[in-house]
Structure formats: structure tokens, C-alpha cells
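I opened this notebook to keep track of what I looked up, entry by entry, with the cut-offs written beside the terms.

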Amino acid sequence: MKILTIGDLRTVRSEAVKKLMLREQSDSTVSEGSSGLDTGTARMQVLVCGGTGCKASSSRLIGERLKERLTEKGIADRVDVITTGCFGFCEKGPVVKIIPDNTFYTQVTPDDADDIVNDHIIGGRRVERLLYVDPKTGQSVSDSKHIDFYRKQMRVALRNCGFIDPENIEEYIARDGYSALADSLLHRTPEEVIDEVKRSGLRGRGGGGFPTGVKWGFARKSVSDVKYVVCNADEGDPGAFMDRSIMEGDPHSIVEAMAVCGYSIGSSEGLVYIRAEYPLAIHRLKTAIGQAREYGLLGENILGTGFSFDIEIRYGAGAFVCGEETALIHSMEGKRGEPTMKPPFPAESGYLGKPTNVNNVETLANIPVILTRGAEWFSSIGTEKSKGTKVFALAGKINNVGLIEVPMGTTLREVIYDIGGGIKGGKKFKAVQTGGPSGGCLTEKHLDIPIDFDNLVAEGSMMGSGGMIVMDEDDCMVSVARFYLDFTVEESCGKCTPCRIGNKRLLETLNKITDGRGTEEDLKTLSTLGKVIKDTALCGLGQTSPNPVLSTLNHFHDEYLEHVRDRKCRARQCKALLTYFINPASCIGCHLCAKNCPADAIIGDVRKPHVINPDKCIKCGMCMARCRFKAISVS
Amino acid sequence: MEERQITLQIDHHFVTVPEGTTILEAAQKIGIDIPTLCHIDLKGTCIRNNPASCRICVVEVEGRRNLAPACATRCTEGMVVRTSTLRVMNARKIVAELILSDHPNECLTCPKAGNCELQNLALRFNIREMPFNGGELSPRKREVTASIVRNMDKCIFCRRCESVCNDVQTVGALGAIRRGFNTTIAPAFDKMMSDSECTYCGQCVAVCPVGALTERDHTNRLVEDLADPDKVVIVQTAPAVRAAIGEEFGLPAGTLVTGKMVAALRELGFDYVFDTDFAADLTIMEEGAEMLNRLARYLDGDRSVRLPILTSCCPAWVNFFEHQFPDLLDIPSTARSPQQMFGSIAKTWWAEKMGIPRERLVVVSIMPCLAKKYECDRDEFKTDGNPDVDYSISTRELARLIKRANISFTLLPDMDFDQPLGTSTGAGVIFGTTGGVMEAALRSVYEMYTGKTLKDVNFQAVRGMQGVRRATVDLDGFELKVGIAHGLGNARHLLDDIRHGRNEYHAIEIMACPGGCIGGGGQPLHHGNSAVLYARANALYREDAGKTIRKSHENPFIKTLYSEYLGKPLGEKAEHLLHTHYFNRSVQ
């Protein structure tokens, strides 16, 4: 229906709330037991994760199978199967959740649909084998609220992800959706909205951490016939997927926030710049925009207030640098995606030379809830200068890979050990890279630092968009720096000298070190050149690109020295620095290693100890893997 | 409204500048010369490149986290700037070293050696070794076109060429492609320049700080021809050359060296030294007649006649409309350019008079232009494969050759051109600057149309450096409306108007290069100093003022040429030898 007045919105909400009641109620309680239709439950719901990760593991098929079984059993009218956005626990996906008893099934396959329907939905008995097992206790856990992964989280930006059907506007409205927009349009002046955002202390979640309300204020002040609201959905950090998950799981929050921003700065045109590699996010966003138009929440004269706003989608071709706002704007204009000098800031002269406000997806996702719950509530979360929560994408050598949201000020230890479940395979934690390729690595000694914008910068890293890649003792920090720099070199637009040539030379120097040709002089070069690049590069990408090198050089100087002085890589990652040798005492001369050596580097007579010719050895490790007597070792 | 003034401190000196001034400009004002590389701002013209991308001009600004590019950072009240701290000098040196590390060490054979802005920086920063040597060089293309040589491995990605090609000339032949270390400047999809919309105007060459874009050099070929006893080698010199070549020998910009130039050419061994200005007078005869003819038919109510008539002496401009406005091919005058008229007359009338067989005669032109190299190579200007003008060399090439031949240019006596193709009027001389062709045409058209003698030959209204100029000339009661545009971007505006039926002119002069031929792509490099262009233009007006004959139709040898050989302007012979036709060459 078309929502023409606030009354209409209230009507839609009160209807929608009823449908969501079951989920709301079970979400607010902790259930110990399980229930089924036969045990007296009247209605049930099955939430199936429809995020990209779970979808890639056939979650769509799981949903279809569940529906088929329910139809066969004739209970489809009493049990809804709902596709939601990401639950965040990607490590254990695909995830299926049963309402009202909150049973949380992990690593579900389409074939499990039978058991879920027969045993649980009908019989009221949990499918034990699909429950999450707490690695610490060995006990299976039924309600996700008892899972450590969720216990310390606080979901604000992700509030609707994994809870509502992202393709159903009414479910969003039932969760107070569009009430921030309605309230702003009807009861607040644009200045009051901006003031609320300012007082909330919200800072840009895309990497820069600039106060959002201040940014809006600048755009409001610029005088122009046309202004633009741009949503930066060009998420490009390796391993980061928070923006994608928000768009997939709660696209209406972005639509609403953009409209609120439009009202605040005096714009009626919104643009979402999204990478074309996010087909599902694009689909959900398009659906949301379509529904919002249909309901009259986008378009002309919204809620009869005279305010008009609409949103267009623009596709990016996957260039990391296009996440930088000036480069993003140029790309939207059809120009080469490369940054230009600021000032002028987009708030003065942006898209097509008009005042433009660019905000990142996660920043926008916070806006509606700030306005409905108030700046005071939001600013009560977090640290002194970093308010609210932050979404992180946990990746790397960590047990619980996935998407998490924690209050600012949570320590790395809590994130990595409590939520992330510690290091994979019981290995030793070595470092965590925050801020993606623009950030730096933090070590053991930083584990108890409260995470916020300023603390991370003070330690030589940065918040960035929220990628968190955990490394263990098997990771070589020189190689890690090289990996990130390789990415930056690949993604540099090539405009300014320090980034175009400087980063290439940094990378070449790192390659020299990992190839065993490095000298102590090279370490000095890394440091001097890295600092000059930071000091002289044109845009944020270039100015932060040496961070991975400088921070590893700072925190793991010994490891660098070992590479250049002792020609040694303690993590055994740098092949050129490895030496394989055969212990004559253990070798029985079976000749198996020599037979398997692809480089013919092993010689020796049968039944006599063999030797490896280091000049021929390509360090593939085949001999060591094949030896049955553990006679081959590497140093 | 009065400009707001801002006071800041640069290296302990206080300076007050208008709001909007950059740190670089403010520093220049107090004599602090901050080094730059990518930046160029030819004040008074539209040539400007300010991407702030080379990072050579970085300075320290108090309170700022990182260094600021002086060329693009605007001054603010109370700003404290330091331009030469250790941090700044170290950063600059490392940035320069980085550029050098991706630049071939070919200074010994580079045509830009001695005139290269990168080389100057290396010297200035005291770079004595290459710390990043041995690194990978970015893969880039080389190409030799009829006019321009691209050596993109020498490109330092300052993007001046891209700015002039796109923003100033609106040709769009050059732009950045690929990214990161592999970024290069090239036509779209890495096509060859010869397959692109390039007009060969050479403005990219004129601003290239290094040897990435240079002219195609014909001096070695010329030396061989001069040494060949079987060949008669004659030369024509364009008007703008005499106002600029002195700069290559240390003379101030705007020094007129016509006589020394003639002497040097004779010294080099040319058999006859002629003047393109003669052909410029001839152009006025033909173009003027064509203009009057079209105008008369138009005023008689013949609606098949299209106006305005556009000049056609600039070959880059001809390329531009053939590429971009193929629907307007009937608008420009069909008169060939002076270079081609000269070649055509030299290899017919003059050669017949002198009894020199065409195949033994070599016609060389000295031009301020690179597009002329391409023009003389066009098929329609050849007879049985033999071109009317064999090849064209630029002002810069001529200067190099003079130095190579041990000629002390400044000590040469002044000498006169040979006859008959060396006599010209003041009208021919001013062809070399924007507005000159129109002024020359007006001097003759006025007298031809009204039958009266023109009292004051100086048409001040068409002079100057404004991108587009318009003037109304009273032809004894008939108001002739003329327009002048220089720079192809300005020309595009006028052509767009014509295309959409918004024309207000009877005749328009167009020159591809800002300033006209004096700012041509083959001229001594202006290095971003626009005063050089003004001085050259003034020199040409001085030469005009000093001439006894200042109207093309009064040139005695032009009269002889018509009476002896051509008959009348637009006559059958003139049409055959002095006019051309245009082609649709739009690039898909």
C-alpha cells in the first residue's frame, strides 16, 4: 500500500509487528527446551541465512527443501520459512534458526531438511548433530545466545541482519523502520537532525573516522540548486564484507538513512556506488528501493511533507581506490577512477561539481537507530572519542571466522579469544592486521588495548573499514607485509609518484628480502621510503599504503633482521631461505625421496644415507612429506 | 567585489596575496622558487595542468600532518610554510629519485637533453646516484607518426599532454590508461596515435617536460639533401619562425631575427631561401576572393551558400574538423595553406621558369608547427607521388641544425630573401599570430569589396589573446561580422554553434594552437611562460608595421604570378594548384 501519512505508516507497522511478534518474543527470551507442533506450539518459523557465504553453500536449496517437506506434511500454513541476511557466524554456515525455541543449527545441508521437519518442527526434538559444539566444554549449545561468538556482541548496525527478511519492507517497518525518516520529516528541522547525529558522536565507518554530523553540516551549508547523497558501497579491503552483509541483510536501513541525509543536507537525489561484484547486495538493494517507492517512502512528496527523494544505483568495477570519495565521484561521472586534491571537499564540489555528501554503508546503517533511540543512547556506547559499535570481519587463523559487531572499546583479546574462539589448531597468536592494506599489524602486547579510532592510529594501525586478519606463528611477517603491498601496488591508480613508483620499489625491496637477497641497508630503505610515501602521497590510499611495512618493521624488526642477516625465516614461509637436509642417522636409504623429487636433487645409493643437492633443490617439500622415517628436516 | 587579501609566512617572510592564491604563486611573488614538475600554468591562455600528482613541489605547512603540494594548496590566513627544511628536501629528492628509477638512462641520445625539466631537477637536487636502480621499468609503447614521436618509456606521467589534448584542445586523443605502475598515456584502448583523433597540433609536445613526446626529426634527411649536388634544395620559412628562433640562441623572446635566419639558411647550403609569407599573400588572394564570392551570392539570396567561411591555413585545424565535424566539410575555405600553395607554385611556375625538373627540386619548409609535417605528406598534395613540399622541419630542428653546423647565429649579418618567392607584405607576416589571417584578409577584402583605399590597415579589434574574439567591420555600409578563435577548444564552441544554426558570423579565423602559430608545437619551448607568446606576437606586428607594402594584393610578385601564370583568383589554374578538398575522417 502507498504510505501517504504518518497514520498510514503506523497502520502498516501495527500489522507488520504482529507477524514479527513470534521472532521478537523468542529473541528476548532464552529458551532451554525445544518445541514442535506436536508438543503444542501453534506457529513456528525457520530462519535460513541468505547471505552470500551461506548461499554459496546451498542455503537457498535448504530453504526450498524445507518448504517442500512442510508442504508434503501439510503444515506449510503453520510454519514459515524465511530467508534472512547474514547471521555473522560464517565459520559454521549455512545457519538455520528455529523460532520460537531459538535452536541454532550450524553447517546444515539440504539433506538435513527431512530431520529438521520431522524431528524438530513436528516432533519437538532437536537434531543434535546439527547443534553447535562449544570447543571449550565439548557440550552442544542450542540457543545462539549461549554461544561465545554472540555473547559479547552488540548488534546495532547489524540489528536486523539475520532477523528479518531483507526483501520484505513490512518486516523492516515492524522494527521501527522508516520511523526515523517520518519523525525527521514531520517533527524536526534539518538542523535538528544534523545536531542529533553530531551529538551521537558517530564517526565515518569507511576508514577515515570523520564525524558524520559535521560532514552533513558542511554539505548543508553549501548553497546549490542540486545536491547529492552518495552511499559508498565500494567495499574493497581484502577479507572485509561488513557493508555487503548490511546491504544483503538490511537494505532498507540504507535507503532510509540516505533519505534522512537528503532531508538534512537539502538533497533530493541519492546515489549508491556499489561494486558490481556484489550481485546479491545489488539485488536486495534494488528490491528495497523498488518497495520503498511502491510504499511512497521514496519518490515525490514523501509522507505529504513536500520532501522528495529518490535513489539510483551506480556500479563500480572493483577498483580499491574508488572507495576514496573523490575517486568514487570521478568514477560515477564516467571519468578515470582516481582521486583529486582536497579541498575542494565533496561537500563543496562533488558529483558533477555539486555539493555531495558521501557516507559509507555501515555509517548510514547507524543513522536510523541513532534517530529513533537518541544520540544519548548511542553515545553511551563506546569510548570517549569513538562512540557506538563497530562491525568487524574476522578472518585468518581464527576459529570463528565471521562477521561480528562489538562496542567501541572492546579489547582485541575479547574479540580474538572470546568471540573469535582463539587461534586455529591451538597455535600461538602472532599478530592481527586491522584496517586492511591501509592498516598495520598489532601484536601480543596490544591485545588489551581498547579498540577505537584513535588507539589504533596511535599504535601505527587504523580502524579502516573493519577487516581483521589474524595471524599465527606460521605466518612470516615480511611475507604478510609483502602480501598487502602487492595488493596496494595492484590497486594504485598510478596518479602520484610516491604511490605509483614508491610502492613498487618498496615491494621490490620486500621481494628481495624474502628471496634471500636482502641486506640491512634494505631495511633502512624500507623505513625511509615508507615514511616519504606517507608524507607525500596524494590520497588516503597512498598515504597509508606503507603502514603494513612500517608496522611489521617496527614490531617484528628481529624477524626482518633474521631474513637479511641470517637468511632465516622462522615461519618457514620464505622458500628461498629454507634448506632441506637429510639426517644420515635416520635415513635408511629407501630412495623414496629421490624417486619423488621433481628436481632430481637427491642422490644416494640404496640402503645408504641420501643427500640433497642444495643447488638443485627447489624447496617444494615433497621429500619431507614422503619420507616415512622422519629423516628429512628443514631449517 | 574587492578580493580578500591573505597574509601568510613563507620561510620567515611575510607575504600578502589575494584569496585563492596557491603557496607556489605566493612564494614566486617573493622570489622563492619552489621546484615543480607536473604543474604548468600559461597565464593568459587556457593551458593549465594542475593535478598535484608529481609531488615534487611539496612543502611543510605548520599544523599539517603530511607535506602539502605547493602548486595546489591554497594559502590561508596565518599559514606558516617552510619550503626548504630537511624533511622537505629529503622528500623531494626521494620523489625525484623514484621518477628517475622508472626512466631510461638515455640522456645522451635523448632529443630533450639539455632542455629537459627532469634533468634539471636531478641536477638541482644533487642526485649523484640512483638508489632505486635495478627496479622494473614500466612497459610502455613507442610510436613514430608523421609529426610526433612517442617514447612513452620516458613518460613521467605529469599529464600535461592529457590536459592540453582534452581540456584545451578538446581533441581527446591522449588520456591515462591502465593503472598503478603500468599506467601510461595513450589514445583510448591503447590505439596508435595515428589511428586516433590526433590532429598533430603538437601542443602535447610543447608542454612535455621530458623526451616522451617529441617532434619527428628530419634534419638528418635535410643534411643529406643539402649535400647532394644533383638536387636543388629550396626553403620557405613561416612567419612565426623569425619571431621565435632567436630564443634558441639566447636572445630575448620577441627578438626579430628575419635577416639572420635568412643568412643562416644560406650558410647551411640552401640554393634559394624563400618566404612562406609570399604564399600567405597568395592565400589572401584566393581566400579573399572565395569569401567575396560566397558573400555576394549569399547577399543575392542564394541559400545554397553556407556561411561563415572558415580559414583553412592551419593543418591541425583541418584535421580537427575532418575528424570531429565531418558534416561541416563545405564550410571551410578550399584554399590550401600557405605552405602547400608555396610548394605547388615552386614546383610549377618557378621550377618551369628556372628549368629545374620536378624530381631534382627539393622543397623544404621551416615551420613553427608539427602538423605541417603531416600536411605535406597528404596524398592530395602530391603529383605522381612527388610531394609539393618534400618535408617540413620545425623551428627547434632548424636551431639544432644551425648549432650543429657551427654557425654563430647572433653574429650573422642580416640578409634578404631570394626573389620572386621571397617578397611579401605586412599582411603575410601577421599570419603567424592569432587574428593575423583575418586582419590580412580584411585589408584586401575591404578594398576589393568597396573599391576604396583603406586608410588605416591596423584592425586592432581582431588582435589580442582572448580565446574567442568578434568584430564588426564596416565595408562601406555593409557590416561584415568576423570571429577569431585560437585553441581547438574555442574553435569547437564556434563550430557547435554553427552546427546548431546559431551562427552570427560571415567569416571566422581559426588557429589550432593557443596564440596562433607563434605558440605552435614546433616552436622553442615556452616552459610555461606566457610572456614569451605575447613578445612573439608583438614582434610580428612590429615587422608588419615596418613593411612598405602591407596589403597582400599589392605584392608585386603576386601580381606577376597572376598575370604570367595563374590568370585570376579562383580561375581554372588557381583552383587546380591552390585549392583542395576535405575528407570525412571521423574515428569510430
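**Conventions.** I am working with a predicted model, in which local features need pLDDT of at least 70 and side-chain atom pairs count only at pLDDT 80 or more, while totals for chains, interfaces and linings use all residues. Residues are numbered from 1 along each chain as its sequence is written, and chains are lettered from A and ligands numbered from 1 in the order in which they are written.

**Chain A overall.** I looked up the secondary structure of chain A and noted 25 helices and 19 strands, where helices (H or I, at least four residues) and strands (E, at least two) are DSSP runs numbered from the N terminus. The radius of gyration of chain A, taken over C-alpha atoms, is 27 Å, close to the 26 Å that the globule rule gives for 635 residues, so chain A is as compact as a globular protein of that length. I wrote down the rule as well: 2.2 Å times the number of residues to the power 0.38. Along the principal axes, the C-alpha atoms of chain A fill a box of roughly 90 × 65 × 40 Å. Of the 635 residues in chain A, 56% are buried; a residue is buried if 20 or more other C-beta atoms, placed from the backbone, lie within 10 Å of its own, exposed if 12 or fewer, and partly exposed in between. I also checked contacts, meaning pairs whose C-beta atoms, placed from the backbone, lie within 7 Å: in chain A, 72% of those with a separation of 6 or more are between residues 24 or more positions apart.

**Interface.** I found 25 residues of chain A in contact with 25 residues of chain B. On the side of chain A that touches chain B, the elements giving two or more residues are α18 (477–491), α19 (497–514) and α20 (520–536) of chain A, and the largest share, eight residues, comes from α19(A). By class, that side of chain A has nine nonpolar, six polar and ten charged residues, with Ala, Val, Leu, Ile, Met, Phe, Trp, Tyr, Cys and Pro counted as nonpolar, Asp, Glu, Lys and Arg as charged, and the others, Gly among them, as polar.

**Cores.** A nonpolar core is here a set of buried Ala, Val, Leu, Ile, Met, Phe, Trp, Tyr and Cys residues joined through C-beta atoms within 7 Å. The largest has 353 residues, and those with the most contacts inside it are A:M258, A:V260, A:V432, B:V59 and B:W317. I followed A:M258 and, leaving aside neighbours within four places in sequence, found it in contact with A:V229, A:C231, A:G270, A:I311 and A:L364. A second, separate core of twelve residues includes A:Y580, A:I612, A:C627 and A:I632.

**Five-stranded sheet, chain B.** I traced an open sheet of five strands in the order β2-β1-β7-β5-β6 (chain B), with mixed pairing; two strands pair if DSSP finds at least two bridges between them. The edge strands, each pairing on one side only, are β2 (13–18) and β6 (68–69) of chain B. Strand β5 (residues 58–61) of chain B pairs with β6(B) in the antiparallel sense over two bridges, and B:V59 has B:A68 as its bridge partner in β6(B).

**Four-stranded sheet, chain B.** Another open sheet, of four strands with parallel pairing, has the order β14-β13-β16-β19 (chain B), and its edge strands are β14 (272–275) and β19 (391–394) of chain B. Six bridges join β13 (residues 232–237) to β16 (residues 361–367) of chain B, where B:V235 has B:V364 as its bridge partner.

**Loop residue B:N555.** I located B:N555 in the loop between α17 (531–545) and α18 (556–566) of chain B. Is B:N555 buried or exposed? B:N555 counts as buried, because there are 24 C-beta neighbours inside 10 Å. Beyond four places in sequence, B:N555 is in contact with B:D281, B:T423, B:S424, B:T425 and B:I549. The C-alpha atoms of B:N555 and B:F278 are separated by 8.2 Å, although these residues are 277 residues apart along the chain.

Technical notes. Two residues are in contact if their C-beta atoms, placed from the backbone, lie within 7 Å.
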